[in-house]
Structures are given as structure tokens and as C-alpha cells.
Amino acid sequence: MILMLFSMEMNYLCINMVAKRIISILILTQVSFSFFSQSILDSLTYSVDSALIDLKVDKLNNKWYIYDHKIVRSSAEIAYNDTLNFQNIGNVQLDLQIPLKNLFFHRSSNTIEINNSRWGVLSKFRLDQLQIYQPTFVKFTLDKMILVLDVNNNSLYKINENGVKISQNPNPFRIGNQSYFPTQIIQLRNQSLALDTNYGLFIINEYGNLIQHIPLKSYKYLFEYKGKIYLTQGRGIIRYEMSTLEEVDNTSAKKAFLPYPIKSIQTYYENALILFENKRIYEVKVLDSLFK
């Protein structure tokens with residue numbers, strides 16, 4: 001009996017030591033990632049803009065500096081700066097993925113406004129007229145249509161730039177009996193990737209059918225850079241590659257821990273432009289250098 005108790009105690013101690021060793025390795029791995037990423041960023045110059053809310057880059061490589069009540073657009077060659085004023089930029093959802101056209105969705109008035117490169121209005125209409133009352137995202141598609149997900153009707157709409165409804169389909173972001181309502185969506189070829197912070201990552205095809213979903217709770221932002229997918233969670237960032245079938249390759253996940261929480265990742269020419277939540281802006285030539 002004594003030998004049995006001694007054996008059980010020794011087994012417990014061994015298991016406890018193994019568990020502690022695994023935890024130590026995980027902690028050291030995270031710390032090493034942090035130091036590695038810190039050393040990369042320490043070698044780069046950066047700028048600070050304490051009033052900046054967000055930073056975007058359009059397809060002509062113009063930088064859009066977004067503040068509380070205005071947007072300042074700076075050309076790639078810094079040949080000009082122009083300013084667009086708003087009452088409250090927090091009510092505006094902005095899409096810059098179509099060259100020479102900018103989509104502004106004004107949440108407070110439920111209005112879509114499409115401007116040209118000089119900020120002249122090309123089209124403006126309210127979604128109320130289409131019986132769309134509670135959109136979670138309003139986004140250009142690659143074929144220059146507009147994709148809208150509506151909570152009120154639990155439907156995904158495709159409309160044209162003049163406010164004509166092209167199609168209406170049931171919400172594809174559905175797992176079992178539970179519907180989800182992503183607020184962020186990006187386009188990749190014939191697929192769209194969407195992030196719902198309560199569930200994770202969804203992929204739908206060009207017909208609005210769900211083809212993949214990955215539980216990744218608590219991730220805050222979704223970005224694409226050079227065909228790879230990045231999700232951020234505080235100081236953590238996870239990178240996925242796309243498979244030949246244009247689905248997320250689960251086996252390709254790599255994580256890194258940066259010195260500061262990330263607000264935005266934008267493609268600027270061949271580089272990545274990173275805005276951190278502490279208002280620091282870095283330009284990184286090789287984003288993969290942050291991942292071991």
C-alpha cells in the first residue's frame with residue numbers, strides 16, 4: 001500500500017513537472033516572439049499622430065488619414081493633400097478597393113454614397129428604399145457591385161451602384177441554427193472572407209454560399225496582404241495562407257506577438273503599412289519577417 005501511494009505520488013510529480021515545463025516553453029516562446037518582433041520594429045523608422053483614428057490606403061497608393069471630423073488624403077508622391085470634412089467619422093464605413101471610386105456608408109442615415117477620385121458624388125441613395133434597415137457591412141465586390149448583410153431581414157444582398165437590388169439570399173454566415181453577422185469582409189478573387197468576433201472566420205463564394213468556417217473567437221480585425229490573411233487580437237497576430245482551392249489552409253497558421261496592439265494593416269506599394277493603437281505608424285518591407 002505504501003509502495004502504491006509512493007508510486008502514485010511520483011507519477012503526480014512527474015505529470016506536474018511535465019505540465020510546468022510545457023507552460024514554461026509556451027511562455028518562453030511567446031516572449032521570444034515578442035523580442036524578435038520588437039527587434040525588427042526597433043530597426044524601422046516610424047511616425048506618430050496622436051489624433052489619428054484610422055489609416056487606409058487606396059489602390060492608387062494614396063494614404064487616407066482618418067480623424068474625428070475629417071479625412072486627409074495624401075498622394076503617394078506627397079504632391080498634394082486634400083481634406084474631406086465630416087460631422088462624425090465614427091458613423092462612416094469606408095471602402096477603397098475600387099480604383100477611382102470610393103464608397104462611403106453613413107450608418108446614421110443608412111445611406112450609401114459613391115464618390116469619384118475628386119470626391120464628387122457619382123451616386124447616393126438610402127438603403128431604406130430597399131427595405132434594408134440594419135446593415136452590418138456594406139462592401140464593394142470585385143465586379144463593382146455592393147454586398148450588404150442585413151440583420152433585420154437576416155439576408156445577404158447584392159445591389160448595383162444606382163441602388164437597384166440585384167439579388168437577395170439567406171444569410172450564409174450560419175452554423176446549425178445560429179446566424180452570425182460579421183462586420184468585416186474582404187474580397188479575394190472569387191471568395192469573400194468575413195470576421196465575426198463572436199465566432200471567427202467565414203468564407204463564402206461569389207454566389208453567396210458558405211464554403212468554410214473556422215472558430216477563432218475574440219479576434220478583432222481582419223486584413224489581407226499579398227494574398228495572405230491576417231487576424232489580430234491585442235498584441236497577437238495570426239497569419240493564414242490560402243490553398244489552391246482558395247480556402248484558408250488551416251495547417252499554415254503562424255503566430256507572432258508584437259510590442260503594441262494593431263489597429264490597421266494596409267498594402268502600400270509592395271510594403272505593409274501598420275498602424276498600432278498607440279498611434280505609431282510603421283512601414284514594413286517584409287511583413288513575413290515578423291513571423292519566425
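A residue is called buried under 20% relative accessible area, exposed over 50% and partly exposed in between, with a 1.4 Å probe and protein chains only. The legends below describe a predicted model, in which local features need pLDDT of at least 70, side-chain atom pairs count only at pLDDT 80 or more, and totals for chains, interfaces and linings use all residues. Residues are numbered from 1 along each chain as its sequence is written, and side-chain values use heavy atoms, with hydrogens and water left out.

**Figure 1. Overview of the protein chain.** The chain has 292 residues, of which 48% count as buried. Its secondary structure comes to one helix and 26 strands; these are DSSP runs numbered from the N terminus, H or I over at least four residues for helices and E over at least two for strands. Contact means heavy atoms within 4.5 Å. Among contacts with a separation of 6 or more, 39% are between residues 24 or more positions apart.

**Figure 2. Confidence along the chain.** The predictor's confidence in each residue is given as pLDDT, from 0 to 100. The protein chain averages 87, and 85% of the residues score at least 70. Confidence is lowest in helix α1 (residues 2–42), with a mean of 51, and highest in strand β11 (residues 146–150), at 98. Over residues 22–33 the pLDDT is below 50, and this stretch has six contacts in the model beyond near neighbours in sequence. Where pLDDT is low, the predicted coordinates should not be read in detail.

**Figure 3. The sheet of β2 to β5.** Two strands are taken as paired if DSSP finds at least two bridges between them. Four strands form an open antiparallel sheet in the order β2-β3-β4-β5. Its edge strands are β2 (54–57) and β5 (81–85), each pairing on one side only. From one strand to the next the twist averages 20 degrees; axes are lines fitted to C-alpha atoms, for helices over the stretch in contact, and angles run from 0 to 180 degrees between N-to-C directions. Strand β4 (residues 70–74) is joined to β5 by five bridges, and the two run antiparallel. Val 72 has Thr 83 in β5 as its bridge partner.

**Figure 4. The sheet of β16 to β19.** Here, too, is an open sheet of four strands with antiparallel pairing, in the order β16-β17-β18-β19. The edges are β16 (184–188) and β19 (210–215), and each pairs on one side only. Direction ignored, neighbouring strands of this sheet are turned by 20 degrees against each other on average. Strand β17 (residues 191–196) and strand β18 (residues 200–205) run antiparallel and are joined by six bridges. Gln 191 stands opposite Asn 205 in β18.

**Figure 5. The hairpin of β12 and β13.** Strand β12 (residues 155–159) pairs with strand β13 (residues 165–170) in the antiparallel sense over five bridges. The bridge partner of Ile 159 is Lys 165 in β13. Five residues lie between the strands of this hairpin, where Gly 163 takes a positive phi near 85 degrees.

**Figure 6. Aromatic pairs.** Rings of Phe, Tyr and Trp (its six-membered ring) pair if their centres lie within 6.5 Å; planes under 30 degrees apart count as stacked, over 60 as edge-to-face and the rest as tilted. By this rule the count comes to 14 aromatic pairs. Phe 137 and Phe 173 form an edge-to-face pair, at 6.4 Å centre to centre and 75 degrees between the planes. This pair links distant parts of the chain: Phe 137 is in strand β10 (residues 135–140), and Phe 173, 36 residues apart from it, is in the loop between β13 and β14 (174–175). Both Phe 137 and Phe 173 are buried. One aromatic cluster is formed by Phe 137, Phe 173, Tyr 180, Tyr 199 and Phe 202.

**Figure 7. Charges over rings.** A charge sits over a ring if NZ of Lys or CZ of Arg is within 6 Å of the ring centre and within 35 degrees of the ring normal. Lys 63 lies over the face of Tyr 268, at 4.5 Å from the ring centre. Tyr 268 is buried, with a relative accessible area of 9%. Arg 239 lies over the face of Phe 291, at 5.1 Å from the ring centre.

**Figure 8. Surroundings of Ala 253.** Ala 253 lies in strand β23 (residues 248–257). With a relative accessible area of 35%, Ala 253 is partly exposed. Leaving aside neighbours within four places in sequence, Ala 253 is in contact with Ile 238, Arg 239 and Tyr 240. Ala 253 and Ile 229 are 24 residues apart in sequence and 9.6 Å apart in space, C-alpha to C-alpha.
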